[in-house]
Amino acid sequence: KANDMFRYIMAVLLGGQYITWILWEIITGRFNIHLSLPFNLCDISNILCVILLLAKSNKLFEIIYFWAIGGSIQSYITPNLYFGWPHIEFIVFYIQHGGMILVILFFAIIIKYRPEAISIAKSLCTLLVFIVIVYSFNLITDSNYMFLMADTPHPTTVTKMIQIFGEPPLHMIGLMIVTGLTYTIMYTPYAVMDLVKKMKKKKAS
């Protein structure tokens, strides 16, 4: 089936680009535990998208819908890149984030998966658990995954939240507020569709 072929191709593409990046870092001597592990939101979202493609889990989609779309859009607006085209970092960056958006659209439009209102809370709670894990790892290893400990190399939303709420980890208050608002906006189309269906059903009866 065409849908299955698409899922497998995207799983290979998203998995392959991540493995390619890790191998490049190892070969060039850039790999280290402070930067190269999948403890950034987009990296873990990429891995979960591969699992979603292979497992077809609506429960997983409820979380990844918000993580992948929200994270990818934010990354496109303020890309944290050290190298431009045609460097491998530039290529895998756009394959990863563009691929994740494509995967979510595929499951939402073709497979008909969708989040519910409670999915916002599920996604935020899961994110908080992930943040606690990453923050603990950062403390132990003196790392800065998810920019929980310090600002980004280039101006981003993190920079603005530090300016408003103060130095890390206080800036996470602002980031969680922004994230909650973003997830709510992302759910709005589904809320509107549900309301329209409810009104039509009520009118028909």
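Where is the place of Pro169? Pro169 sits in the loop between H6 and H7; helices here are DSSP runs of H or I with at least four residues, strands are runs of E with at least two, and both are numbered from the N terminus. The peptide bond from Pro168 to Pro169 is cis, with omega near 5 degrees.

Before going on, the conventions. This is a predicted model, where local features need pLDDT of at least 70 and side-chain atom pairs count only at pLDDT 80 or more, while totals for chains, interfaces and linings use all residues. Residues are numbered from 1 along each chain as its sequence is written, and side-chain values use heavy atoms, with hydrogens and water left out.

Next, Thr159, which lies in helix H6, residues 157–165. Thr159 is buried, at a relative accessible area of 15%; buried means under 20%, exposed over 50%, and partly exposed in between, with a 1.4 Å probe and protein chains only. Setting aside neighbours within four places in sequence, Thr159 is in contact (heavy atoms within 4.5 Å) with Asp151, Thr152 and His154.

Now the backbone. Asp142, in the loop between H5 and H6, has a positive phi of about 60 degrees although it is not a glycine. Asp142 counts as exposed, with 67% relative accessibility. Lys112 is not a glycine either, and has a positive phi of about 70 degrees. Lys112 belongs to the loop between helix H4 (88–110) and helix H5 (117–141), and is exposed at 62%.

On to helix packing. The axes of H3 (residues 58–77) and H7 (residues 171–204) come within 10 Å and cross at roughly 115 degrees. Those axes are lines fitted to C-alpha atoms over the stretch in contact, with angles from 0 to 180 degrees between N-to-C directions. From H3, Tyr65, Phe66, Trp67, Ile69 and Gly70 meet Tyr183, Met186, Tyr187 and Tyr190 of H7. The contact divides into eight nonpolar residues, one polar and no charged. Here Ala, Val, Leu, Ile, Met, Phe, Trp, Tyr, Cys and Pro count as nonpolar, Asp, Glu, Lys and Arg as charged, and the others, Gly among them, as polar.

Last, a pocket. Which residues line the second largest pocket? Its lining includes Lys112, Tyr65 and Tyr190. H4 gives the largest share of that lining, four residues. By class, the lining has eight nonpolar residues, no polar and two charged. A pocket is an open set of points on a 1 Å grid over the protein atoms alone, with protein on both sides within 12 Å along at least five of seven lines, and lining residues have an atom within 4 Å of a point.

Terms used: On a 1 Å grid over the protein atoms alone, a cavity is a set of points where a 1.4 Å probe fits but cannot get out, and a pocket is an open set with protein on both sides within 12 Å along at least five of seven lines; lining residues have an atom within 4 Å of a point.
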